[in-house]
2 protein chains.
Amino acid sequence: MTTAAISADAGITEQLAEFVAARPAGGYPPAAAHAGRRTVANAVALAAGAARHQAVTAVAELVSELGGDGSASVLGTDMQLPAQWAALVNGVAVHVEDFDDTHLETVVHPGAPVVPAALALAEHLDATGRELLDAVVLGTEVALRVAMAAGPRHFDRGWHLTGTAGHFGAAAAAARVLGLDRETTGNALGIAGTQAAGLQVALGSMTKALHPGKAAMNGVEAALLAARGFTGPTDVVEARRGFAFVTSPDPHLGPATSELGERWEVERNTFKPYACGIVSHPAIDAALAIRGYVRSPSDVVAISVGVNPIVLDVMGVEDPPDGLQSKFSVYHCVAVGLLDGAAGPAQYSDERATADDTRAVRRLVTVETDDAIARDEAWIRVSLADGTEREHHVEHARGSEARPLTDDELRDKARLVAGPVLGEHAVDALIALALRLEELQHASTLTAAARPHSRKAAK
Amino acid sequence: MTTAAISADAGITEQLAEFVAARPAGGYPPAAAHAGRRTVANAVALAAGAARHQAVTAVAELVSELGGDGSASVLGTDMQLPAQWAALVNGVAVHVEDFDDTHLETVVHPGAPVVPAALALAEHLDATGRELLDAVVLGTEVALRVAMAAGPRHFDRGWHLTGTAGHFGAAAAAARVLGLDRETTGNALGIAGTQAAGLQVALGSMTKALHPGKAAMNGVEAALLAARGFTGPTDVVEARRGFAFVTSPDPHLGPATSELGERWEVERNTFKPYACGIVSHPAIDAALAIRGYVRSPSDVVAISVGVNPIVLDVMGVEDPPDGLQSKFSVYHCVAVGLLDGAAGPAQYSDERATADDTRAVRRLVTVETDDAIARDEAWIRVSLADGTEREHHVEHARGSEARPLTDDELRDKARLVAGPVLGEHAVDALIALALRLEELQHASTLTAAARPHSRKAAK
């Protein structure tokens, strides 16, 4: 950290505020718009699907018992809450199954903090679908730019970026829905940015999902407070005692604003095909592929997988005692890939985490890490009882930037997660609305489509 | 950071949780009880006095417009809000004038996060005065212990400890009021601890006061969530990717639990006599003392003050443009001490910050820093127009641990801050209640006494 580096980068927060406040409606390329729609589609399906998860109901009941009614929907329910609390509950719900979206370079899951913040205020203020999409695209871009500014060592130090950088994205999205000017948006970024938090020690507990929930909520509050004249530090990203320098030993401030509005990081957002930490997805693909070469799992005597070192950093739990912890176990990921041929929410239940067969196969897995293996790459080598070996190499994981899910695959995923709550037809309708978001006169059409009507009617 | 150091300190969070959950009612020495009562008295007076501050009304109006009624009081008003929102507003209010309490070793202002959290839940649950005092004493102790664990370099890195360590204290206090067991208290500390935040860049904006407000609110929420089975990391303080190691390059984990329950850090909490950052208080004392040797401020041609280096670190603003910034200017502190013979809220108004006389005297001040000068020590040397000099040395600042405010001085301070809102007789009654807190059958007697009854009656 040098004084020169800081002053050369002065004004980053102001530039981001200007970007959010002044960008014209739809002022981004078609690919960014498409990414924004998919980010919304993925998030609303996940939130609706998680409406009955214990972590979600605990938060929803807490705030609704202590507070009053509001004008923003809890997705997948008929509950309406004050905007910041709806953002909180939906933020938890999007993230709680670890099945959301990912910007792999920064390991930010932007949909969980950004979409609930934008959606709650859009519904509260009866914004249009276009306004909602603008807020999601710009808010996501800000979250990713700030994450890049914090640099990779922010992650290494132990921060969960979906919580930290998520605060900036949620505040930017909320400020955009409110139509705040540049100066007020800068205050909103300051008010939210100083609350940026989320420790990696929370991974494996329900509190991990609270990180984006709180980011969404704090972003909404920050924008509303700024609109009332509440002041925050308008150099919160780049100041010496601001976000980047306090939380990272090696900030990379340049990428925060370089080619801002020309190159769109939001286009690099990807969507998880598997319900666990994304860094294990290449290993799951490898396990799924090798399955075709193995007659029966009982023939397997040893499994080696080669992955990028980040995998053991964040998913190194060897013998997870419950479903939540199993999402942070590359050993479990490989085992269910091989045993079940799947890695959906069902594979990360308490039952599967503690089943005899998964525990036995997990014990066979050896993980080798290598910096030369990319984050979306893996290899697997399986030794069989007959003395032979099988190998497979995954160049790019499914759902990665190089091999993105199609819109149809995204809809299939939405059916998988939200079908049990909304019904499959309703999920298809919800995703269709999200994928033409800017045509909606009322953003609330989307939230209305995420209510469990059919179930209510059936009662 | 070594693995050995971490494993040797495993279980700190659990030990703190055990301390909070298992300590018997009143299980602390008389000096700790006295400190707890004074912490409450000081906080409620400050909060009531700040009820009409713009930062406080902005937050109160935001949450009350979006949410519903509740059962916890906003001090100094007739407003009742949901418990976590009352904690938020009162937390902002206690801190907004920078006139609250301080544990000087860690520069934590524990009353602002801890008292509002305990008070809101105590009122919500109709707890006794004894239960409230227990929660404040134990919560304050936890805040200070965690601050010590983060070590001095946590502060140096740019964290505002009243926000960061405040989260732990507020959660501990809230858990105690709820009567949570050890395990659930551990979850509450984890849920709150991962939200610990507050960047020093926010000093000088309204957002500084939001730090303890959010700590209080997040602590209340964390305890309520934990009570509903929401899980958090129960090793949040000491884990490798937990609070101390992520936020500090040099944690001192030992003091977190050494002689816990035997030596009481809460006894070292002190109460500010001046309405600005505490590190400038010795310099103010010096200016007030030298005033007796100066016929007229216009005779002064130069002023040198010697202080501990931390003063320029946090209060180095040379020409503050408004009242808020003037609280972070040792130059302004010395100037008003010399000109006005006082350093109360009136000295940190926008008017005084920009007045010609204060600006002129500020320009005469040279600050010399010296590690050999203690944090509660200062000297001043004034050069007069006739060529003579006057010097004064302050060994221990007024209000410091070595020279604490008496209960009478604390009541006088309460009159100064809360008198304009409640009236002086009502303030005296409020302080008298706080100073015999454990005798109250209902903690809500205290909050009722902080309502502006007399003003209402007079209307």
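Biologist: Which residue stands opposite A:S383 in β8(A)?

Modeller: In this predicted model, A:E389 is the one facing A:S383.

Biologist: What makes β7 and β8 of chain A a pair?

Modeller: Strands pair if at least two bridges are found between them. Strand β7 (residues 378-384) and β8(A) share six bridges, in the antiparallel sense, so they count as paired by the cut-off of at least two.

Biologist: Why are β6 and β8 of chain A called edge strands?

Modeller: The open sheet runs in the order β6-β5-β7-β8 (chain A), with mixed pairing. β6 (365-369) and β8 (389-394) each pair on one side only. From one strand to the next, the twist averages 15 degrees.

Biologist: Which helix lies across β5, β7 and β8 of chain A?

Modeller: Helix α14 (residues 281-291) does, at about 135 degrees to β8(A).

Biologist: What makes α6(A) mostly covered?

Modeller: Buried means under 20% relative accessible area, and 13 of the 14 residues of α6(A) are buried.

Biologist: How does the reach of helix α6 of chain A compare with what is expected at 1.5 Å a residue?

Modeller: Its 14 residues (111-124) reach 19 Å from first C-alpha to last, close to the expected 20 Å. Just after α6(A), A:D126 has a positive phi of about 50 degrees.

Note on methods:
Residues numbered from 1 in each chain as written. Chains lettered and ligands numbered in written order. Predicted model: local features only at pLDDT ≥ 70, side-chain atom pairs only at ≥ 80, totals over all residues. Heavy atoms only, no water. Helix = DSSP H or I, 4+ residues; strand = E, 2+ residues; numbered from the N terminus. Expected span 1.5 Å × (residues − 1). Buried < 20%, exposed > 50% of the residue type's maximum accessible area, 1.4 Å probe, protein only. Axes fitted to C-alpha atoms, helices over the stretch in contact; angles between N-to-C directions. Contact = heavy atoms within 4.5 Å.
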